[in-house]
Amino acid sequence: MLHASVMLLGAVCVLLLAGGLPWGGVEEVYRGGLMCVLGGVSGLLSFWMAWKNSLGYRLRMGMGVISLFFVAAGLRVLVYCGQEVLRCAGMGGGMWFGAVGMGCFSVMGLLFSAIFGYLAYLSLRVEKLWLAVAHLSIALLVAGAFVDICSEQRYMVTRRVGERPTGHCQEADQRLPFAVGVENLQVSHYENAELYRLIVHQGGHWMPVAIATRRGTRIRCGQEEWDAGQLRALPGSDERYLALPGKPLRILVQQPGPVKEYRAVCRLAPAGGGGEAREVTLRVNEPASWDGWQIYLMNCSADGSQVQLLLRRAPGRPLVFAGLLGVLLCCFAWAFGYKRSIRV
């Protein structure tokens, strides 16, 4: 059985590499038939190992699994309320009362996790039960992945900044379950990474010819230097410029540093027009939630007039997260919770 498990794991790793390689990777491999077959076999094998290792202790394993569920719930409360504490504290003023209240809920979540974590430890003190629950968590993770494959919904939509929320998806030419619009897009740059270019007008075109560096209040390029305070704002842009005397025509342009953060303020509303709308702030890798949907900030146009969003509904997401958390907790307890004798 061990040899078969190693071969199965190797096949899964090969397919994961085939889909995730930077060059020539094909993401569709993750949803292909072979991956589904291997995933299903892995889930069934993990469930069978959990059933086998829990022989004689299945009631204790059930109590331990229930305790771990409440541990996860307490951790969720701790993380969510902790984020709200930081948000309310950042707003200041009367929101400090909200920060204190959310802080109390965070402490309750921490105590909740600690109490049920101890109960889980008491229930799963038998060494092989931790391994059994770890296998059961893997089976749960695989089940969540199959639920997503069968019933996941995703739409890629493009919205113009400042337009009213709409429930129409141009890319798929169909109605969305809720209306979404983008109020504004904010782009912040690193302030200590300014870039200056010297541009010359030649042959009817503007051509960059050199890079200028700044030292203190002076900008130097070769043997020439200029005062940084003379730069003027370029209309409709974050760039600043300085027109230089002489011929041919030359312009010194200050361009913003590398992008530090994209932030889009979106308005979400029910599709039928009734109900209460809500504003959410999206950042890269920080989606917002709406009635079981996740809204991701994916891309924006160079001039900041359009924003691309991904709307994703994954019913198996809670099962996947529960499985991942169970694998982490159980493997940690199984690896470090017991002293094992080493045979030479």
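The structure is a predicted model, in which local features need pLDDT of at least 70, side-chain atom pairs count only at pLDDT 80 or more, and totals for chains, interfaces and linings use all residues. Residues are numbered from 1 along each chain as its sequence is written, and side-chain values use heavy atoms, with hydrogens and water left out. The protein chain has 6 helices and 15 strands; these are DSSP runs, numbered from the N terminus, with helices (H or I) of at least four residues and strands (E) of at least two.

**Helix H3**

- Helix H3 covers residues 58-91; its 34 residues should span 50 Å at 1.5 Å a residue, and its end C-alpha atoms are 50 Å apart, which agrees. The expected span is 1.5 Å times one less than the number of residues.
- Among the buried residues of H3 are Met 61, Leu 68, Val 71 and Cys 81. Buried means under 20% relative accessible area, exposed over 50%, and partly exposed in between (1.4 Å probe, protein chains only).
- The cover over the buried residues of H3 includes helix H2 (33-53), helix H4 (95-123), helix H5 (127-151) and helix H6 (317-336).
- Just after H3, Gly 92 takes a positive phi of about 70°.

**The open sheet**

- An open sheet is formed by 7 strands in the order E7-E6-E5-E4-E10-E9-E8, with antiparallel pairing. Two strands pair if DSSP finds at least two bridges between them.
- Its edge strands, E7 (224-227) and E8 (232-233), each pair on one side only.
- Strand E6 (residues 218-221) pairs with E7 over 4 bridges in the antiparallel sense, and Ile 219 stands opposite Trp 226 in E7.

**Salt bridges**

- The count comes to 11 salt bridges, each being a side-chain nitrogen of Lys or Arg within 4 Å of a carboxyl oxygen of Asp or Glu.
- Arg 312 forms a salt bridge with Glu 152, with the closest N and O atoms 2.4 Å apart. Arg 312 lies in strand E15 (residues 306-313) and Glu 152 in the loop between H5 and strand E1 (153-160), so the pair ties together parts that are 160 residues apart in sequence. Both Arg 312 and Glu 152 are buried.
- Arg 220 forms a salt bridge with Glu 225, with the closest N and O atoms 2.9 Å apart. Arg 220 counts as partly exposed at 42% relative accessibility, and Glu 225 counts as partly exposed at 34%.
- A network of salt bridges links Glu 261, Arg 263, Arg 283 and Glu 286.

Note on methods: Contact = heavy atoms within 4.5 Å.
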